[in-house]
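Please read them with the structure open.

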There are 2 protein chains.
Amino acid sequence: MSKNKTKPTLKIIPLGGLHEIGKNTCIFEFDDEILLLDAGIAFPTEAMHGVNIVLPDMTYLRENRHKIKGAIATHGHEDHIGGIAYHLKQFDIPVIYGPRLALALLAGKLEEAGVSNRTKLKTVMPREVVRVGKSFSIEFIRNTHSIADSFTLAVTTPIGTVIFTGDFKVDHTPVDGEKFDLYKLAEYGEKGVLCLLSDSTNAEVPGFTPSERSVYPNLDRVIGQTPGRLMVTTFASSVHRVNMILELAAKHGRFVSVVGRSMLNVIAHARNLGYIKCRDDLFKPIHEASKLPDEKVLILCTGSQGETLAAMSRISRGDHRQIQIKKGDTVVFSANPIPGNTISVVNVIDELMKLGANVIYGRRQGLHVSGHGCQEDHKLMLALTRPKFFMPVHGEHRMLVQHSKIAQSMGIRASNMVIVDNGDVVELTQDSIRIADRVTSGLDLVDSSRTGMVRDRVLKERQQLAEDGVVTVATAIDWDGKLTSHPEVHIRGVVATMEPVRLKNKIVEDIEKVLTSRWKEFVSLDNSSEQEELEVDWVGVKTQLERQIQRTLRRELQSNPMLVCLLQTPKDQPSTTERESKPPATGRRRRRSTARVAS
Amino acid sequence: MSKNKTKPTLKIIPLGGLHEIGKNTCIFEFDDEILLLDAGIAFPTEAMHGVNIVLPDMTYLRENRHKIKGAIATHGHEDHIGGIAYHLKQFDIPVIYGPRLALALLAGKLEEAGVSNRTKLKTVMPREVVRVGKSFSIEFIRNTHSIADSFTLAVTTPIGTVIFTGDFKVDHTPVDGEKFDLYKLAEYGEKGVLCLLSDSTNAEVPGFTPSERSVYPNLDRVIGQTPGRLMVTTFASSVHRVNMILELAAKHGRFVSVVGRSMLNVIAHARNLGYIKCRDDLFKPIHEASKLPDEKVLILCTGSQGETLAAMSRISRGDHRQIQIKKGDTVVFSANPIPGNTISVVNVIDELMKLGANVIYGRRQGLHVSGHGCQEDHKLMLALTRPKFFMPVHGEHRMLVQHSKIAQSMGIRASNMVIVDNGDVVELTQDSIRIADRVTSGLDLVDSSRTGMVRDRVLKERQQLAEDGVVTVATAIDWDGKLTSHPEVHIRGVVATMEPVRLKNKIVEDIEKVLTSRWKEFVSLDNSSEQEELEVDWVGVKTQLERQIQRTLRRELQSNPMLVCLLQTPKDQPSTTERESKPPATGRRRRRSTARVAS
């Protein structure tokens, strides 16, 4: 279409969401025009010390910012929209289309980050079609998911239509009555879908994902039959779940206190847009609720994943400002732990029980269902869209593999699908799909202060510090290789298998040994200038000292603490040990007496 | 019996295993005689940086070592015998009774730790009764568990019999044919059991735990039908599982290469004692196996929990010396991840898949069953033993609570049971059970080198180092509050939200600011002695410098790195900043000129 010699090609470049759960971020590129589909965040793994948020490395988009024609948000979850506020600090996005709820949540984030002026947000309704650039025409197809107002996309390009499912399950009885627009999927399938990019989160799980509504009778039973005060925790973004809990609170005559910033935020926006319908007077601030009889109160709060700072975790530790557990309280977990959060969640449950709460939790209670489709949902998606090519997305490697097996079982040939990683460049033409290239990809780690990026080097240092601690040694040495003061040794986070004082003495001995036995190696005479000069290789001194001390630490501690060695050289010379400031490797001094050299 | 005024009382003091999974360690104490029941280890949680093994704090036993009459090992799992080698360094144990397999494994550990001479190991057979001290008579009742040769104990004391289940499930078709001796339990029940202490691990799970044998047909299918090379990983200590895998390898014409130290160790002992029966020529060392056709090889290895250093994890990272994954390999996980290990395990699975292996994993494969009884097993135990008092043990808090509910549903009154924590002293008499006291309890953390103990302070320091890194500042100051050299600043593991050089300059500015604006505060004149002396409060100087630098770090970095501040004072005075060596808080110098004081 665009080029004479090569076939018209759609490049699909996922920057996040592949081989992982989270930070879904995908680029469609055609004829120098880029469409960005979702831009989410992920949460740090255990090894990412002090990291708060994980973003994809956006080098490729930053370098191609002039090509960006617009972006789409499929729905309002953090792993689909959470990255946008960060990215807008690096490049503008002319326009972002998305559902009302997602854009309402996004607008707040952009405002907070001070980047509202770097894009335009435009809400879309189901079956609305928008054009982005010359190459992309996007139809928004209502789907069903755990958050309200979620879309599957039909992206029509010059070479054909690509269906981008976003997150979905097939829920025939959705809580808000907004059914999956199966007709539209089928219509595209009948007209011909070139490629399907589909959510793989639950591709390992057989069967269908139950309807969100299946939780209702169980919540009804729990909320209706519990005596005393009731606390319920769930994902703030699970708008349907929150809706049901509020409805059931009203039904059973309980006022609701909402606790936790994200819960308050989502409820406010969802009510504002009509996704949650309830009376204003259902809500009572927590200080008023505490005056009501216990059986009239339902506290709805964050912390279903055992997040350290969320309300439920603080309550379990007994350090929530306003809420203390008392005997007779019932706490309900209407969420399953995400893998990796299990230990935190069961710890919170144990602590709540120890404080006297009755805790209702666990898969057997029927108080949670997933928002992602299982194997039969995937088969239905494939059956309706009948794609020529297939690319499983949103999932860890084995989920992508399972999803591709499902597609193969439906008759799609293995050669017509690709399992890709973040940064892979998939080239899609009307009759081929292949991984053609790679662009820069990786992680940007935002630290707990949310202001700085945590680099690999910093993480490695933190890992070593966490494992083995740090030993700091400060030594001041004069021109003759003599200590000008007693070396200082500080030990932090180190397991001392010997008395700290003995260890310090050993280190001091090391220093003295190096200085007495090897000083000559570091000293040379330079008579190139008029006056004879004494030259000391301070970097060499430091390296030798470090080697010797490290050997001692390994031998004595049988561990490998980080060693910070500070060498103070004579005042008339600037320090030569600061690598970062690139000092000269040697120091010089005019000699007054040659006799002093040979010590 | 022993005392006139108070009723004869059995003290039950769990030091480990309560409110947790692992390090099961329980004391029975009667009339100044102590019987120790199991002494295991636990594995560290995420927050225990650099910790390898977790032991209970044994202060109570150490202080009462003269009372120790003997110990029992119920079975050979690490969480029941792994602590003994460490404890024997603190106190002797006159005799340890246990099943042959457990004591064979234990003997190796004691040998390795060089403490074999601090106890005597005596093997017992089913229904054997041993006497320990004057107060305890113990009958060993065969039970069924995931390791072979496991016992439930009937401990008869002057006030009655206590049944101590150890780990168990009720397996009516055990792999080794050694059935649960239900008659003995029933007999004790009929005669009258004073108290039951029972394993609570699976008390949250409804139903019966399936027989270990239920795994057989699934393993048979997988091992029989897999083409190419096969690798199987499971718990080394799951002797029955290992036995089945070896049997099936032989059945399907595969030689077995055993990889991983603990797997080799357990198989050697279990074969030696006849718990595993197979021909010698079934085994091939890995270098020989690599010359065989792939379909003739089964590699049995450690690493089913994704442990970083275990064979399967190294294979998945491509850094195992002898085994590389090649396309066509099949890897079988015959184990479920223990909560907390899930992420490590799925990462290993993903990496194996990426290397081209077909990986068979997950609960739906039927390749693993638990070794611990579920709710119906617990009911059977309660029905057979019919205890007057009940104490759920071995489990996290919510498991203990669930187990106590099961007991209540069987008719035991809540007032006849206690839910206890490690360190609680339970006083059991013929007609009462109550928590009467507490003894020292807690954790001893053994570090990765296995030589040192990780103290709380060290852990807290490591946590801070891991979260925020460390800033080291070295300053040399003379008697006049002047810098004698440029301060050195080193930053490690710190997220720099500004140029490191700028941060360092700010810190140097801080130091200069404190020295110029506040030096007078730190200096005083002492004319008590003949010659006037200048006194400098070096501790005060250091404290002020630290405060100022910390403020700057918090403001500039929005984080709280550890600050190590090293102050070099003039050479003629020893350093005053080493808290550990308790220096004088002030330094003195003879003055030559009074004019120098007022700067």
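1. Over the face of which residue does B:Lys191 lie? B:Lys191 lies over the face of B:Tyr188, at 4.5 Å from the ring centre, and in chain A the charged end of A:Lys191 sits over the ring of A:Tyr188, 4.6 Å from its centre. A charge counts as over a ring if NZ of Lys or CZ of Arg is within 6 Å of the ring centre and within 35 degrees of the ring normal.

2. This is a predicted model, in which local features need pLDDT of at least 70 and side-chain atom pairs count only at pLDDT 80 or more, while totals for chains, interfaces and linings use all residues. Residues are numbered from 1 along each chain as its sequence is written, chains are lettered from A and ligands numbered from 1 in the order in which they are written, and side-chain values use heavy atoms, with hydrogens and water left out.

3. A search of the whole structure gives 12 aromatic pairs over all chains, where rings of Phe, Tyr and Trp (its six-membered ring) pair if their centres lie within 6.5 Å, planes under 30 degrees apart being stacked, over 60 edge-to-face and the rest tilted. One of these is the edge-to-face pair of A:Phe168 and A:Phe180, with 6.1 Å centre to centre and 85° between the planes. A:Phe168 is buried, at a relative accessible area of 0%, and A:Phe180 is buried at 8%; buried means under 20%, exposed over 50%, and partly exposed in between (1.4 Å probe, protein chains only).

4. Ring pairs also link A:Trp479, A:Trp519, A:Phe522 and A:Trp538 into a cluster.
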